[in-house]
Amino acid sequence: MLLIKTLRSTTFRLAILYIVIFSVATAGLIAFVYWSATRYVTSGDHPAFANDIEIAMALWLALVLAIAGIASVTVTRRTVGRIEAINATSRAILSSGLGERIPLRGTHDEWDELAANLNSMLDRIEALMTQVQQVSDNVAHDLRTPLARMRGRLEKACNRRRDDDDQALISDTLADLDTVLRMFASLTRISQIEAYDRTASFGPVNLAQIGGEVVELFDAAAENRAVRLRVGGDAIVLALGDRDLLFDALANVVDNAIKHGREGGQVDVEVKNSAEGAIVSVADDGPGIPVSEFQSVFNRFYRLERSRGVPGNGLGLSLVAAVAHLHAAQISLAGNYPGLKVTLFFPTVAGIHVASSSFVRKHND
């Protein structure tokens, strides 16, 4: 089977073509040498015969080098070109999702067969991921509806007169239901961010303004834990993105810093420009997290053991990671010694400088 595929491959056909060209050229040179030898026998002109042999050898050597060079470049260029098409599709899938496919050239050769098989595999993976996502969305939706009804009935019962024990029981149940509903809302939001391409609605966003609004929003929560919440950096830091999603992402990071940081500590939000793009960082002086847990905290429902007693569902940083991926931003964790520093880096994109100039003029006006 492998031998048959080898014989049918375009690479083998190219090799046969170059062998035929080489054989024909070699036959021509042999004929020239034979003609020179015949002429030498009849005329006895030894210098002319030696000169013909030298010419024949030089032509043969040039022919070998030319055919070898052309064959190498042709086969290598063809192979590298098809591999680069697969690599380009892989990079597109990593950046934008499973919707991309490897282009077929219609040659029906081994490369087209490989591309078709990879595309079929991607179709299968995309279908399975869609099914998993659909099941998750359906579960979240189907459970959220009865839970919301239960909450409504409990709230109605809570408003009626009853003894203190029953009232406390109903209030605790309402609080637990609110936690579950928030968890399903977060799951649904993460799925929507990961499933739909919202980059078409991106526009210039002032990250410094978002940072100020988030700090203002959590000012009361920070005060309850005696945490000093501060924001600093540049006044105008632009990036292309969805303002609401970026606000939610930064709010989750700040909320984590306040809840898991040190009581009576400090949380610093810094938004600044750099030569490569925009940088948003949130640093606290709490206990931090082990380096071995840096990647795990972005997984859904993942929580450190010491955080089990703190309210939350382990979805905050998962949402932050989804928003960062949508905006082609890099998210990183580092030790703040003491504490933890979360950094979001938004690379500069084409057109942002023009948008920045108009944004600044509008801001000044």
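Helices (H or I, at least four residues) and strands (E, at least two) are DSSP runs here, numbered from the N terminus. This is a predicted model, in which local features need pLDDT of at least 70 and side-chain atom pairs count only at pLDDT 80 or more, while totals for chains, interfaces and linings use all residues. Residues are numbered from 1 along each chain as its sequence is written, and side-chain values use heavy atoms, with hydrogens and water left out.

I start with the loops. Pro 338 sits in the loop between strand 6 and strand 7, and the peptide bond joining Tyr 337 to Pro 338 is cis, with omega about 0°. Ala 328, in the loop between helix 9 and strand 6, has a positive phi of about 55° although it is not a glycine. For context, most residues other than glycine have a negative phi, and most peptide bonds are trans.

Five strands form an open sheet in the order 2-4-5-7-6, with mixed pairing; two strands pair if DSSP finds at least two bridges between them. Strand 2 (228–233) and strand 6 (330–335) are at the edges with a single partner strand each, so one side of each has no neighbour in the sheet. Strand 5 (residues 277–284) and strand 7 (residues 340–347) run antiparallel and are joined by seven bridges. In that pair, Gly 277 stands opposite Pro 347 of strand 7. Helix 8 (residues 243–260) packs on the sheet and touches strand 2, strand 4 (266–273), strand 5 and strand 7. Contact means heavy atoms within 4.5 Å.

Next, the core. A nonpolar core is a set of buried Ala, Val, Leu, Ile, Met, Phe, Trp, Tyr and Cys residues joined through side-chain atoms within 4.5 Å; buried means under 20% relative accessible area, exposed over 50%, partly exposed in between (1.4 Å probe, protein chains only). The largest such core has 46 residues, and Leu 207, Leu 229, Val 254, Val 282 and Phe 346 are those with the most contacts inside it. Which helix gives the largest share of this core? Helix 8 does, with nine residues.

Last, the helix pair. The axes of helix 6 and helix 8 come within 10 Å and cross at roughly 50°. Axes are lines fitted to C-alpha atoms, for helices over the stretch in contact, and angles run from 0 to 180 degrees between N-to-C directions. Residues making the contact include Leu 207 and Ile 210 of helix 6, and Leu 246 and Val 254 of helix 8.
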